[in-house]
Amino acid sequence: MKQTPHPKPALGHLRTEQRNRASTRLDQESTLNLVSIINREDAKVAGAVRDALPQIAKAVDIIADRLRRGGRLIYVGAGTSGRIAALDASECPPTFGTDPKQVQFIIAGGRTP
């Protein structure tokens, strides 16, 4: 049975999908300027995480409660986020002693039937 492709959601309005003006000409920068730009942009992450700490804490509490009651954590991602999901999920059993079925991942792509 052939699968019908799902329409792609319009994501262009999201800030995360916008071009970063600081990095538009990285290929024309000196190495020092290049790594300085990357470092400046990376430094913004801590502030963004700090601003989201209440929501992050709420999510952690909800997930921990569900795991305690026998639930599962399932990561879903595509591209790099999917690979990070796979790495994190596969690291939980040896690091935290979780059942391999408790933390799993789904990565986009693969063979079409």
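This briefing covers the fold, the surface and selected residues of one protein chain.

The model is predicted: local features need pLDDT of at least 70, side-chain atom pairs count only at pLDDT 80 or more, and totals for chains, interfaces and linings use all residues. Residues are numbered from 1 along each chain as its sequence is written, and side-chain values use heavy atoms, with hydrogens and water left out. The chain has 3 helices and 2 strands, in the order α-α-β-α-β along the sequence. Helices (H or I, at least four residues) and strands (E, at least two) are DSSP runs, numbered from the N terminus.

**Overall dimensions**

- The radius of gyration of the chain is 19 Å, whereas a compact globule of 113 residues would have one near 13 Å. This radius is taken over C-alpha atoms, and the globule rule is 2.2 Å times the number of residues to the power 0.38.
- The C-alpha trace spans about 50 × 40 × 30 Å along its principal axes.
- Of the contacts in the chain with a separation of 6 or more, 53% are between residues 24 or more positions apart. Contact means heavy atoms within 4.5 Å.

**Surface and charge**

- Of the 113 residues in the chain, 10% are buried. Buried means under 20% relative accessible area, exposed over 50%, and partly exposed in between (1.4 Å probe, protein chains only).
- The chain exposes about 9,900 Å², and carbon and sulfur atoms supply 57% of that area. Accessible areas come from the Shrake-Rupley method with a 1.4 Å probe; for residues, only the protein chains shown count as cover.
- There are 17 positive and 11 negative side chains, and the centres of the two sets lie 7 Å apart. Lys and Arg count as positive and Asp and Glu as negative, while His and the chain ends are not counted. The place of a charge is taken as NZ of Lys, CZ of Arg, CG of Asp or CD of Glu.

**Helix α2**

- Helix α2 covers residues 53-68, 16 residues in total, and reaches 22 Å from its first C-alpha to its last, close to the 22 Å expected at 1.5 Å a residue. The expected span of a helix is 1.5 Å times one less than its number of residues.
- Glycine 70 follows α2 and has a positive phi, near 95°.

**Helix α3**

- Helix α3 (residues 79-96) has 18 residues; its first and last C-alpha atoms are 26 Å apart, close to the 26 Å expected at 1.5 Å a residue.
- The buried residues in α3 are Gly82, Ala85, Ala86, Ala89 and Cys92. Their cover includes β1 (73-77) and β2 (103-107).
- An α-helix has 3.6 residues a turn, so residues three or four places apart point the same way.
- Glycine 97 comes after α3, and its phi is positive, near 70°.

**Selected residues**

- Cysteine 92, in helix α3, counts as buried because its relative accessible area is 9%. Leaving aside neighbours within four places in sequence, cysteine 92 is in contact with Gly97, Thr98 and Val103. The C-alpha atoms of cysteine 92 and leucine 34 are separated by 35 Å, with the two residues 58 apart along the chain.
- Isoleucine 84 is also found in helix α3, but counts as exposed because its relative accessibility is 51%. Its C-alpha lies 18 Å from that of aspartate 42, which is 42 residues away along the chain.
- Lysine 8 is in the segment before α1 (31-51) and counts as exposed at 80% relative accessibility. Between the C-alpha atoms of lysine 8 and glutamate 91, 83 residues apart along the chain, the separation is 31 Å.
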